[in-house]
Amino acid sequence: ICSSVSAQKMIGTETDAQKEKRMEWWKDDRFGMFIHWGLYAQAARHEWVKNHEHITNDVYQKYFDQFNPDQFEPQKWAKEAKAAGMKYAVLTTKHHEGFCLFDSKYTDYKAPNTKAKRDLVREYVNAFRAQGLKVGFYYSLLDWHHPDYLVDAYHPQAPADKSDASYAKLNKGRDMAKYRQYMRNQITELLTNYGKIDILWLDFSFPNKNGHGKTKDDWGAVELVKLIRKLQPGIIIDNRLNLEEYKDGADFETPEQVSTEELAKYRGKTWETCQTFSGSWGYYRDENTWKTHRQLLDLLITSTSNGGNLILNVGPTARGEFDYRANRALDSLAYWMHANGKAIYNCTFAPDTYKVPEGTKLTYNKAAGKLYVQLFNYPQGKLVLPGYKGKIKYAQFLNDSSELLYKEANGNDLELTLPAQKPPYEIPVIELTLQ
Ligand code: FHN
């Protein structure tokens, strides 16, 4: 049993330096698109609708029968993601509902058998690769449709009384070993039939609830990671297979929907925060809690300034389009990223020697010798860089490369002169060239 030894070494033979190299592109790219798409988009009231409303497979079948993504054009999705500055994408190939967007030979509960009559995953992979984005798959460990998946506390048919007897009755005849094999077969299809896959986002594990949850080996996690890494040696895996004693079997932590203040806790680790534009991952027609442009920029900048990634989610409609609210958010991000993307890509947190000027956040590109000062509050007339005397040799606005003049002040500080007119960005960025 490997305990302190990195599971990576136990599960594979990779050294820390090799792992660093494998993950280099992912850390440099910083920004990705999550796409939650499935039959739940047809219900249009959250991807957990089957659980929330305790819907049986028979009743849920209406969404399968109705599903007809006639407006699905993944090239449009890919172009929008690229324009918004996203460098990779992760699509739900199967979410908890158990519906497969890909042509699996292990189930009939799949997109080619709906009015779509297509392998939606294949079209996604081709379109995003054509735009130069890395492609990832999300695959749900939970499966509320599969007959062998154990009914647990999250299952839509979980017993109201939560008693052992009720669970036992519901789980009579269910064989988790068969479900584990189904998972292995499908993950093998996904990692064999679609070319090089860059990310695998497995989701999610949880402690054993009411004796009917999932234990650490319900997924056959160690064998599964060995299979994944054998099929796709360069792939990057998230941490939700919950390899208790093999925590290192995962490549990155996944703080979900956390506040920007909480992101500082992850500084120095390898992580990606997953966030929605709204509250739901799947398309939710009547939802109106949408993050503002400033909140989205804050998530992106604060993630980078703490050395982590942001994956921002879109929930397409059942017809296969991003809705107007997602398009509006993506367009606003595209406008900012077009001018200021250099403050995100290949950047991380700044060394402590660079104090954070009042009302700003810092990102740092060590290789380029650049420090980026994000002006969350636009100062009137000047910005003091505390203790920066002798540390920089040039200053400019990033968006138009217009020079910013500065002078020494207060002994060890520098004072930048800023125009009264704020640059036309919610959060303008100053690029400092370091000595
Ligand atoms: O239950 C899922 C949820 O629907 C969504 O897929 C998120 C994305 O990180 N993961 C689980 C909740 O943590």
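**Entry 1: the model.** I reminded myself before starting that this is a predicted model.

**Entry 2: the ligand.** I looked up what surrounds the ligand and found 13 residues, the closest being His36, Glu47, His96, Asp203 and Glu256. By type, this shell divides into 6 nonpolar, 3 polar and 4 charged residues. Next I checked distances to oxygen atoms of the ligand. A polar side-chain atom of Trp48 lies 2.8 Å from one. For His96 I noted 2.7 Å from a polar side-chain atom to a ligand oxygen, and for Glu256 I wrote down 2.7 Å as well. The protein buries 89% of the 330 Å² that the ligand exposes when taken alone.

**Entry 3: the cores.** Which residues have the most contacts inside the largest nonpolar core? I found Trp37 and Phe128, in a core of 96 residues. Helix H12 (residues 324–340) gives this core its largest share, 7 residues. Another core, of 21 residues, lies apart from it and includes Tyr378 and Leu432. I then followed Trp37: beyond its neighbours within four places in sequence, its contacts include Phe67, Trp77, Leu120 and Pro316.

Entry 4: Is Lys370 buried or exposed? I found that Lys370 is buried, because its relative accessible area is 18% and the cut-off for buried is under 20%. Lys370 sits in strand E9 (residues 370–375). Its side chain makes a polar contact of 2.8 Å with the side chain of Thr433. Leaving aside neighbours within four places in sequence, Lys370 also touches Tyr364, Glu431 and Leu434, among others.

Technical notes
Residues are numbered from 1 along each chain as its sequence is written. This is a predicted model: local features need pLDDT of at least 70, side-chain atom pairs count only at pLDDT 80 or more; totals for chains, interfaces and linings use all residues. Side-chain values use heavy atoms; hydrogens and water are left out. A nonpolar core is a set of buried Ala, Val, Leu, Ile, Met, Phe, Trp, Tyr and Cys residues joined through side-chain atoms within 4.5 Å. Buried means under 20% relative accessible area, exposed over 50%, partly exposed in between (1.4 Å probe, protein chains only). Helices (H or I, at least four residues) and strands (E, at least two) are DSSP runs, numbered from the N terminus. Contact means heavy atoms within 4.5 Å. A polar contact is a pair of N or O atoms within 3.5 Å; within protein, one must be able to donate a hydrogen and the other to accept it, and residues adjacent in sequence count only if both atoms are side-chain atoms. A residue is near a molecule or strand if one of its heavy atoms lies within 4 Å of it. Accessible areas come from the Shrake-Rupley method with a 1.4 Å probe; for residues, only the protein chains shown count as cover. Ala, Val, Leu, Ile, Met, Phe, Trp, Tyr, Cys and Pro count as nonpolar, Asp, Glu, Lys and Arg as charged, and the others, Gly among them, as polar.
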